[in-house]
Amino acid sequence: MSWDEARLNSVEATQGGSLELLNGHTMKLDLGYMRYLTGDDFRVLKAVEQGSRNHEVVPTEMIHQLSGLRAISGTNRAISDLAKIKLI
């Protein structure tokens with residue numbers, strides 16, 4: 001089983017945009033912003049997830065390398081956008 005499959009199996013979606021974790025805790029997720037995320041935003045979000053496997057705080061340079069974006073400014077913009085909507 002891959003890491004993504006294990007993560008998906010550990011989260012059960014409920015109504016109203018909230019997620020119920022297997023440990024019984026509930027977390028609110030606003031899905032309204034998901035439609036406005038760009039491909040770069042998803043690439044940066046994935047890079048942050050990959051980097052957080054080995055680092056508690058993922059350096060911007062590492063996020064840039066893992067995301068594969070051409071310019072660091074695109075990475076910084078995506079990080080800023082994701083932070084505004086509290087995804088990172």
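1. **Ground rules.** Numbering starts from 1 along each chain as its sequence is written, and side-chain values use heavy atoms, with hydrogens and water left out. The model is predicted, and local features need pLDDT of at least 70, side-chain atom pairs count only at pLDDT 80 or more, and totals for chains, interfaces and linings use all residues.

2. **Layout.** The chain holds four helices and three strands. Helices (H or I, at least four residues) and strands (E, at least two) are DSSP runs, numbered from the N terminus. Along the sequence, the order reads α-β-β-β-α-α-α.

3. **Surface and burial.** The accessible surface of the chain is about 6,600 Å², and 53% of that belongs to carbon and sulfur atoms. Such areas come from the Shrake-Rupley method with a 1.4 Å probe; for residues, only the protein chains shown count as cover. The chain has 88 residues, and 23% of them count as buried. Buried means under 20% relative accessible area, exposed over 50%, and partly exposed in between (1.4 Å probe, protein chains only).

4. **Contacts along the chain.** Contact means heavy atoms within 4.5 Å. Among the contacts in the chain with a separation of 6 or more, 35% come from residues 24 or more positions apart.

5. **The core.** The largest nonpolar core has 11 residues: L37, V44, L45, A47, V48, V58, I63, L69, A78, I79 and L82. Helices α2 and α4 (72-84) each supply at least two residues of this core. The most comes from α2, with four residues. A nonpolar core here is a set of buried Ala, Val, Leu, Ile, Met, Phe, Trp, Tyr and Cys residues joined through side-chain atoms within 4.5 Å.

6. Which residues does V58 contact, leaving aside its neighbours within four places in sequence? They are V48, G51, S52 and I63.

7. **Helix α3.** Three residues of α3 are buried: I63, H64 and S67. They lie on the same side of α3, because they cover an arc of only 100° around the axis. The arc is that of the directions from the helix axis to the C-beta atoms. The buried residues of α3 pack against α2 and α4. After α3 comes G68, with a positive phi near 75°.

8. **H64 in detail.** H64 sits in α3, which spans residues 60-67. Its relative accessibility is 14%, so H64 counts as buried. Not counting residues up to four places away in sequence, H64 touches L69, R70, A71, I72 and T75.

9. **Salt bridges.** Side chains of opposite charge can pair when their charged atoms come close. The rule used here asks for a side-chain nitrogen of Lys or Arg within 4 Å of a carboxyl oxygen of Asp or Glu. By this rule there are three salt bridges. A network of salt bridges links D40, D41, R77 and D81.

10. **R77 with D40.** The side chains of R77 and D40 form a salt bridge at 3.9 Å, N to O. R77 counts as partly exposed, because its relative accessibility is 33%. D40 is also partly exposed, at 30% relative accessibility.

11. **R77 with D41.** In the salt bridge between D41 and R77, the closest N and O atoms are 3.5 Å apart. D41 lies in α2 and R77 in α4, so the pair ties together parts that are 36 residues apart in sequence. Is D41 buried or exposed? D41 is buried, with a relative accessible area of 3%.

12. **D41's surroundings.** Helix α2, which holds D41, covers residues 39-51. Not counting residues up to four places away in sequence, D41 touches Y36, R77, A78, D81 and L82.

13. **R77 with D81.** A salt bridge of 2.7 Å, N to O, joins the side chains of D81 and R77. The two are separated by about one helical turn, because they stand four residues apart in helix α4. D81 counts as partly exposed, at 26% relative accessibility.
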